[in-house]
Amino acid sequence: MINNVIRGSFALIGAITGFTLTRTIFMVNDISFQTGIEFGIFFILSVICALLFYATANQIISAVLKLLDKIEATLQKMTIYEITVSSAGLIAGLIVANLINIPVNRIGIVGLPLSIISNILFACIGVGIALGKKHESFSDSAKGLSQKGAMELKMLDTNVIIDGRIVDICRSGFLEGQLVIPNFVLEELRHIADSPDGLKRNRGRRGLDVLNALQKELAFPVKIENFDDATGAEVDDRLLKAAKRTGCTIITNDYNLNKVANVHGVQVLNINELANAMKPIALPGEEMSIQIVKDGKENGQGIGYLDDGTMIVVEGGKRYMGELVSVMVTSVIQTAAGRMIFAKPKNVIERVI
């Protein structure tokens, strides 16, 4: 019953549309209704439009409902700030379009369609420009720093804050943009710092000291952001949802979080990968001096480390335990955990006491 009423309403709208269109065409061509032919054409076009609207009513309603669902889904993913910025861009675009349409409306029969098209076009342009500039601050615009567009936001997880190397990376000047600290990450740091376990308590306090160094000592742009709508059983789940919704890049040293983020399409900067990339390259045949500090997994192997923490497996190095020896690199293997170097001893340089 309701479906028939809707289709009947569409048929009525179609008849009115056909009536208006035919009347407009007749007026433009200065055709008067002096014979029955004109009235026949008038009636036939009205009936055709009514039947067309009646036949396509379900398809039109389905398309409109799908469009509304997409709009609702898009709005659900946007923050209040993004909606406000988009609204401002929409209003600005419509103002520009209506100023342009003042002379366009006077262009005969095509004036109205052109006005509608220009309103839609400038509204979309206004929203697009506003969203593209949503992260740009007014101070940056005043200083002429908006050439690169909006600053890229980078979100820190708990582990990378406690790790502390982020301070040195920021100090070096290789990291640009603004650091975002989600409220749930800060809350987790506070819980760790209040832990009765001494080791955890020290780790939590170290993380808070790192944040303090970023904000005060380096004066790096750090923002504490509330993401109460980011739900999840664990902090990593909430972090991924917040980063995906806001388009932030996650900075972490967690291998598993790195992999899960890649699955969700979230960009990640892993400082462990950065550290591995910055380690000096050892080539087969190269000589170096290391101290054998422990046994290897295989019989007779000895293990040593370079200053950057790279592990060197020395074949037959067990007998040089505690000694500084000269070794020759035989091969290098890159693993997910880092670079591993295999070598053979060349000669003993000195005995470590």
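## About the model

Residue numbers start from 1 along each chain as its sequence is written, and side-chain values rest on heavy atoms, with hydrogens and water left out. As the model is predicted, local features need pLDDT of at least 70 and side-chain atom pairs count only at pLDDT 80 or more, while totals for chains, interfaces and linings use all residues.

## Salt bridges within helices

Side chains of opposite charge can pair when their charged atoms come close. The structure holds six salt bridges (a side-chain nitrogen of Lys or Arg within 4 Å of a carboxyl oxygen of Asp or Glu). One of them joins the side chains of Asp-168 and Arg-171, at 3.0 Å from N to O. Both residues sit in helix 8, three residues apart, which is about one turn of the helix. Helices here are DSSP runs of H or I with at least four residues, strands are runs of E with at least two, and both are numbered from the N terminus. Asp-168 is partly exposed at 49% relative accessibility, and Arg-171 is partly exposed too, at 47%. On this scale, buried means under 20% relative accessible area, exposed means over 50%, and partly exposed lies in between, with a 1.4 Å probe and protein chains only.

Glu-187 has a relative accessible area of 35% and counts as partly exposed, as does Arg-190 at 39%. The pair also belongs to a network of salt bridges that links Glu-187, Arg-190 and Asp-194.

## A salt bridge across the chain

Glu-287 and Lys-346 also meet through their side chains, in a salt bridge of 2.3 Å from N to O. This pair links distant parts of the chain: Glu-287 is in strand 6 (residues 287–291) and Lys-346 is in strand 11, 59 residues apart. Are the two partners buried, exposed or partly exposed? Glu-287 is partly exposed, with 41% relative accessible area, and Lys-346 is partly exposed with 46%.

## How the helices pack

Two packed helices are described by the angle between their axes and the distance between the axes. Helix 8 (residues 165–172) packs with helix 10 (residues 198–217) at an angle of about 20°, and their axes are 9 Å apart. The axes are lines fitted to C-alpha atoms, for helices over the stretch in contact, and angles run from 0 to 180 degrees between N-to-C directions. Helix 8 and helix 10 are therefore roughly parallel to each other. Angles under 35 degrees count as roughly parallel, over 145 as roughly antiparallel, 65 to 115 as roughly perpendicular and the rest as oblique.

Helix 11 (residues 235–246) and helix 12 (residues 255–263) pack at about 40°, with 11 Å between their axes. That angle makes helix 11 oblique to helix 12. What is the handedness of the crossing of helix 11 and helix 12? This crossing is right-handed, and the crossing of helix 8 and helix 10 is right-handed as well. Right-handed means that the near helix is turned clockwise from the far one by less than a right angle, and left-handed means anticlockwise.

## A nonpolar patch

Phe-43, Ile-44, Leu-45, Val-47, Ile-48 and Leu-51 make a nonpolar surface patch of about 560 Å². Patch residues have over 30% relative accessible area and no salt bridge; like charges are joined within 9 Å, and nonpolar side chains (Val, Leu, Ile, Met, Phe, Trp, Tyr) within 5 Å. Accessible areas come from the Shrake-Rupley method with a 1.4 Å probe, and for residues only the protein chains shown count as cover. Ile-48, one of the patch residues, lies in helix 2 (residues 36–55) and is partly exposed at 47% relative accessible area.

## Two long-range contacts

Pro-345 belongs to strand 11 (residues 338–351) and is partly exposed at 23% relative accessibility. Its C-alpha atom is 7.3 Å from that of Glu-315, 30 residues away along the chain.

Val-293 is found in the loop between strand 6 and strand 7 (294–295). With a relative accessible area of 43%, Val-293 is partly exposed. The C-alpha atoms of Val-293 and Gly-322 are separated by 5.6 Å, with the two residues 29 apart along the chain.
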